[in-house]
Each structure stands twice: as structure tokens, then as C-alpha cells.
Amino acid sequence: MTLFSLNEDVLRVIFSSLHGKDALNLSLTSKSIHDLAIHRVAAVAVCKDGRDLRLLHRYLFFGARPRGRYLERLSIYKNYGLSLDEEAWYARPAVSTETYDNDSYYDWTRLNLILDILMNAPNLRHLKLPLLHPALERDPRLLDALRALPRLLSLNFDTVGDTTVTFMQSLCCSGLQRLALEFHCRSVALRYEIKGEHITLTSLTDTLARCPRLRSLRLELFRPKSSLLDDTGYSARILPAIRSIDLWGVSPQALDLVQLCPNVSSVDFGLFEVTLSHDAALSSTERRAGPPWPALRSLTVATLVEAVCVQDLVSEVHRLHVRRDEIDLAHPDGYTFPVLLEVLRRSSPVGLFLSLAVRPEPMVFWREVAVAAPRLRYLELKLTVEQLSLDHFGWLDRLPDALRPLSLVSLRIFLPRLSDRNRPYTAGQKAVVKQLERDRNESVETLPQGLADAIPSLRFVSIAAEGPSTTFNDISMAGLDEEEGPEDTTERPTVEQEEEPERRLNALPLYNKWRIREGETLPFDRKPAYVRWWRVRPDGVDGRGRHLTEISQLEGERVQSFLDDGDFASVSRIGDIVQ
């Protein structure tokens with residue numbers, strides 16, 4: 001069977017995944033293919049600055065047949081309106097809040113180009129539009145252009161407030177499935193401040209109630225000052241369709257939204273600012289009160305401070321993810337470990353992700369973790385040392401015995417580089433780092449078998465090390481001694497790939513596809529991760545020990561997907577189910 005033997009309906013479905021240069025190259029292969037694929041060239045457009053916007057406008061309206069009707073996904077970024085380049089923006093003189101004028105840095109004449117595009121793109125389904133509130137103030141026709149888009153599936157607006165959110169109630173949102181809003185903020189770089197504009201929960205909930213099919217909601221810098229519980233005269237409507245909520249840089253009052261979503265399964269939460277030290281913030285954080293949340297498939301918190309904030313609201317969680325790097329659980333005077341134990345008792349997770357800073361002392365705290373989280377079956381650890389000292393020599397060899405109390409079926413370990421390329425090191429520090437890196441790389445070779453022997457229930461194990469090499473022992477020490485190790489020639493994602501998570505995911509090699517989701521960064525942001533997976537056989541070769549069989553990266557990712565999507569019973573029996 002050849003491509004030309006397929007009927008046009010099947011070909012159109014295949015070509016619907018193409019856009020831009022790929023669609024153009026395909027359309028040039030034959031005349032029949034050209035008629036089916038040429039319109040996909042203009043299906044997706046990304047404008048990172050004013051120059052891109054002008055080029056897109058010229059392309060869509062050039063010729064006798066405008067191409068705007070083929071546009072399905074349009075992403076425009078804040079820089080489209082800046083009259084200064086990025087270097088000039090950050091070099092602008094510091095001024096007080098009272099004399100700060102946003103308009104002195106923006107060229108609003110480019111808004112006419114956006115209006116032309118939106119008014120001639122009736123099939124637009126995905127729209128990312130920045131600076132919505134000031135744009136509506138300067139040209140109210142923008143609201144009419146948005147109202148004329150009947151097929152919207154996802155919207156991403158920034159620089160909004162109560163007024164803008166209320167305007168959104170007049171849009172055609174009956175089919176909207178994903179909504180992302182970034183609210184105005186003065187204190188964050190490249191954010192536009194709307195003076196005198198309020199941010200409240202009531203305006204937002206009234207707008208969300210008009211989106212009956214909304215499944216995913218992401219809010220950034222949403223900082224209402226009052227809770228829905230404080231307004232006894234307001235009756236908030238239930239939002240049964242929402243399944244995923246991302247709240248980043250928000251105030252604690254924003255958590256009231258979760259209580260309005262009885263079918264929510266995934267919550268990501270991060271407070272706007274935590275100015276105190278970590279232990280001080282943990283001890284002073286106020287716990288939110290209210291009706292308990294439904295059982296969650298995934299709960300992601302920026303730090304344990306956020307975990308304390310929602311501690312009394314959480315019931316049961318399938319997977320708990322704490323983003324904060326290098327948590328020190330073994331600190332003798334720390335407040336962190338008791339807080340983590342209490343969070344584990346309340347959430348009782350099946351899966352757990354932690355980033356830990358390891359001390360030279362034995363990691364005996366895992367015994368208490370096993371008691372606090374009896375359902376824990378798969379664990380993901382990002383491990384580094386608490387400080388660069390030879391006292392940590394052999395720290396990785398002690399890991400299997402430390403994890404012995406856990407009844408794990410899957411264990412993934414991330415090992416980032418111990419050295420920091422941007423930090424100056426003395427000759428003594430360089431020597432210590434070299435020895436620790438060499439010791440760690442040697443320990444990694446025997447670590448999988450040691451984990452399999454120490455944890456009888458273990459069925460899958462994965463280890464990743466930061467570096468471009470093909471073996472753990474060949475990880476270079478570039479950045480410590482310039483004359484040692486090859487130059488770092490790793491191809492990094494482009495700016496466009498960083499801004500478009502879906503396109504970035506497709507562009508990365510398979511072994512680098514760790515938990516890349518909307519708004520989530522790679523575990524290793526300096527280099528791709530080298531990853532290996534093994535399956536643990538219950539019976540060893542000739543009855544001696546437990547046998548490890550290496551599996552492919554694709555098989556490993558399927559295992560991880562099964563763990564994230566399965567229930568507790570199926571996860572516990574993964575060794576019998578997954579073949």
C-alpha cells in the first residue's frame with residue numbers, strides 16, 4: 001500500500017498533523033497531494049516579537065486568496081508590543097511605582113495587525129494572546145473579533161483582571177476545553193501593571209460557569225485577597241467538567257476554586273512568594289480550612305510550604321510531587337521531615353517524587369516514611385549531596401540499605417551533576433568534586449543490582465545521570481578543568497521549543513522524555529539525561545540472587561505511564577500485568 005492508494009479523507013486526517021515547512025515540503029511532491037496539504041502551511045503560527053507578527057500578517061493576506069481561514073493555532077508573545085529590544089528593556093532606568101508608565105515601552109499600532117488576523121480566521125481553535133486588558137482599552141474592536149471565533153478549544157490570555165475576566169463571559173466558550181489566564185502583576189519582570197484593577201474569585205467563577213466543557217484550568221499570579229467563604233451572600237456555581245487545575249504564583253485564597261470542582265483529578269499549586277527561610281515558612285504557614293477535596297490522581301506542590309497549606313484539605317492522592325530541589329530531611333534541628341511525614345499520612349500516596357540533599361549520616365528516615373505512607377509503591381528520587389565534602393564518599397552505596405523498608409515495585413533515581421558550571425571553584429574544591437563524581441559513577445554500576453537485592457518487591461528500576469556520554473563512567477568534568485573533558489556540544493532546545501512544550505517534546509530524543517508537561521521543566525536543565533531501565537526478575541540465574549534484564553527506553557516509559565494511570569491494586573501487581 002502506498003500513500004496515493006489512500007482516499008482523500010484518510011489523507012486529510014494524516015496531513016492534519018503537519019504545518020509550516022513540513023506541510024510545504026509535502027505539498028510539493030505531487031499535484032494531487034498539493035491540493036490536500038498546501039492549506040496546512042498556514043495552520044500554525046507563532047509570533048515571538050513584532051517582526052514575526054508583521055511577517056505573518058503579510059503572508060496571510062498576500063495574494064488574491066487570503067490564507068487566514070486556514071489558521072487553526074495562533075500564539076503571540078508579549079514581545080510583539082515592546083518598542084525596546086530585550087537588552088534595552090532590562091537596561092531601562094529604575095523608577096518608582098508611582099511614576100512607572102507601561103505605555104512608554106509599548107508600540108500599540110501593532111494591535112491593528114492582530115485585529116486583521118483574528119477577523120479573518122474563523123477556524124481558529126487555539127489562541128494565545130498577551131496584554132489582553134491594555135489591548136482592549138486601546139481598541140474595543142478586539143472584543144468583537146474574539147466574539148466572532150466560534151470554534152475555540154483553548155485560550156491563553158495574560159495581563160487580565162476582573163474587567164477582562166467579565167468581558168470573557170460574552171465570548172463563545174461553549175466548546176472551550178482549556179483555559180490559561182495570567183493576571184497582571186507589577187513586581188514581576190516583563191509583566192504589565194493595570195492600575196486600579198481588582199482580582200476576585202467571584203468574577204472568575206462566574207466566567208468559568210459559562211464554559212460547560214472546560215477540562216483544564218491554569219491560573220498564574222491569581223491573588224485574590226478574600227475567600228469565597230468570607231462572602232456569605234455569594235452562591236458559587238459548581239464546575240463539574242474541570243479535571244485539571246494549575247495554580248502558580250497565587251494566594252492561598254485561590255484554593256477555593258478546587259472545592260468547586262468535584263471531579264478534579266490533578267492539582268498543581270505554588271504560592272506567589274515565600275520570603276522566609278524554609279523552616280520558618282513551614283512553621284508559620286496557615287493551613288487552609290474548608291470541605292475536603294476529592295481523591296486526586298496527582299498533587300504537585302512547589303515546596304512543602306504549599307503542602308502544609310493544603311494539608312487539611314487533601315484526602316487521598318495517587319501521586320505526590322514536591323518540586324523543590326534539595327530537601328534536607330536528615331537535618332537534626334529541621335522542621336522539614338515531621339512536616340513531610342504528616343503530609344504523607346494525610347495523602348497516603350502510591351507514587352512519590354522528591355528531590356533530596358543527602359547527608360553523610362545513614363538515611364534512617366525511610367523507615368518512618370514506610371510507616372507514614374503504607375501504600376507507597378513507586379518512588380522517583382533526585383539525589384545530590386548536601387555539601388561538597390569527602391565525608392560523602394560512598395554515599396550512593398548506602399542507598400539500597402536505606403530504602404530496604406519500602407515496599408516498592410518501581411524506583412527511578414535522577415543523579416544531576418554535582419558541580420555547578422556557573423560557580424567558581426578553588427583547586428581544593430575541584431579535587432573534591434572530581435573524587436565525588438568518580439566515586440558516584442563507580443557506585444552507579446552496581447547500584448541497580450544492589451537495589452534489586454535489598455527490596456524484594458522491586459520489579460523495575462531506572463537510573464539517570466546528567467551528561468551527554470554513553471556510559472556512566474565517561475561523564476566528563478567539563479567546567480572544573482578546561483583542559484579535561486570534551487567541549488559540551490550538546491544540542492539544546494531552541495527558544496521556540498522552550499516556549500511550545502508540545503513541539504519541544506517532539507523535538508527531544510526519547511531518552512530525555514521525563515515528565516514534560518505543560519509548564520513543567522526538564523529535571524536536568526543543563527544537559528540531556530542518560531537513562532537506563534531494568535526489569536527485575538523474581539528468580540535469579542541458577543537460583544543465585546535476583547536477575548536484572550535491561551529494557552528499552554520506550555518500554556520504560558510505558559511502565560511509568562502504567563504506574564501513573566493505574567489504581568493501587570494494578571500498580572502493586574505490575575510485575576504480573578506488564579509483560
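Residues are numbered from 1 along each chain as its sequence is written. Because the model is predicted, local features need pLDDT of at least 70, side-chain atom pairs count only at pLDDT 80 or more, and totals for chains, interfaces and linings use all residues, while side-chain values use heavy atoms, with hydrogens and water left out. The protein has 579 residues, of which 51% count as buried. Here buried means under 20% relative accessible area, exposed means over 50%, and partly exposed lies in between, with a 1.4 Å probe and protein chains only.

**Overall architecture**

- The protein contains 22 helices and 16 strands; these are DSSP runs numbered from the N terminus, with helices (H or I) of at least four residues and strands (E) of at least two.
- Of the contacts between residues at least 6 apart in sequence, 71% join residues at least 24 apart, a contact being heavy atoms within 4.5 Å.
- The accessible surface of the protein amounts to about 26,900 Å², and carbon and sulfur atoms account for 50% of that surface. Accessible areas come from the Shrake-Rupley method with a 1.4 Å probe, and for residues only the protein chains shown count as cover.

**Helices α4 and α6**

- Two packed helices are described by the angle between their axes and the distance between the axes.
- Helix α4 (residues 50-60) and helix α6 (residues 111-119) have axes that come within 10 Å and cross at roughly 40°. The axes are lines fitted to C-alpha atoms, for helices over the stretch in contact, and angles run from 0 to 180 degrees between N-to-C directions.
- On the α4 side, L53, R54, L56, H57 and L60 meet L113, I114, D116 and I117 of α6.
- The buried residues in α6 include L111, L113, I114, L115, I117 and L118, and their cover includes α4, β2 (73-76), β3 (126-129), α7 (132-138) and α8 (141-147).

**Loop residues with positive phi**

- L221, in the loop between β6 (216-220) and β7 (244-250), has a phi near 60°, a positive value in a residue other than glycine. L221 counts as buried because its relative accessibility is 7%.
- S348, in the loop between α14 (336-347) and β11 (351-358), is not a glycine but has a positive phi of about 45°. With a relative accessible area of 15%, S348 is likewise buried.

**Salt bridges**

- Side chains of opposite charge can pair when their charged atoms come close.
- The structure holds 16 salt bridges, each defined as a side-chain nitrogen of Lys or Arg within 4 Å of a carboxyl oxygen of Asp or Glu.
- D139 pairs with R141, their closest N and O atoms being 2.8 Å apart. D139 is buried at a relative accessible area of 10%, whereas R141 is partly exposed at 42%.
- In the salt bridge of R147 with D144, the closest N and O atoms are 3.3 Å apart. The two residues are 3 residues apart in helix α8, so about one helical turn separates R147 and D144. Both are partly exposed, R147 at 39% relative accessible area and D144 at 44%.
- R218 and D246 form a salt bridge through their side chains, at 3.3 Å from N to O. This pair links distant parts of the chain, with R218 in strand β6 and D246 in strand β7, 28 residues apart.
- R218 and D246 are both buried. Elsewhere, salt bridges that share partners join R319, E380, R412 and E557 into one network.

**Surroundings of D158**

- D158 lies in strand β4 (residues 154-160) and counts as buried, at 7% relative accessibility.
- Leaving aside residues up to four places away in sequence, D158 touches K78, L129, P130, L131, L132 and E182.
- The C-alpha atoms of D158 and H184 are separated by 7.3 Å, although the residues are 26 apart along the chain.

**Nonpolar surface patch**

- L3, V10 and I14 make up a nonpolar patch on the surface, with about 200 Å² of accessible area together. Patches consist of residues with over 30% relative accessible area and no salt bridge, joining like charges within 9 Å and nonpolar side chains (Val, Leu, Ile, Met, Phe, Trp, Tyr) within 5 Å.
- I14 belongs to helix α1 (residues 8-15) and is partly exposed, at 40% relative accessibility.
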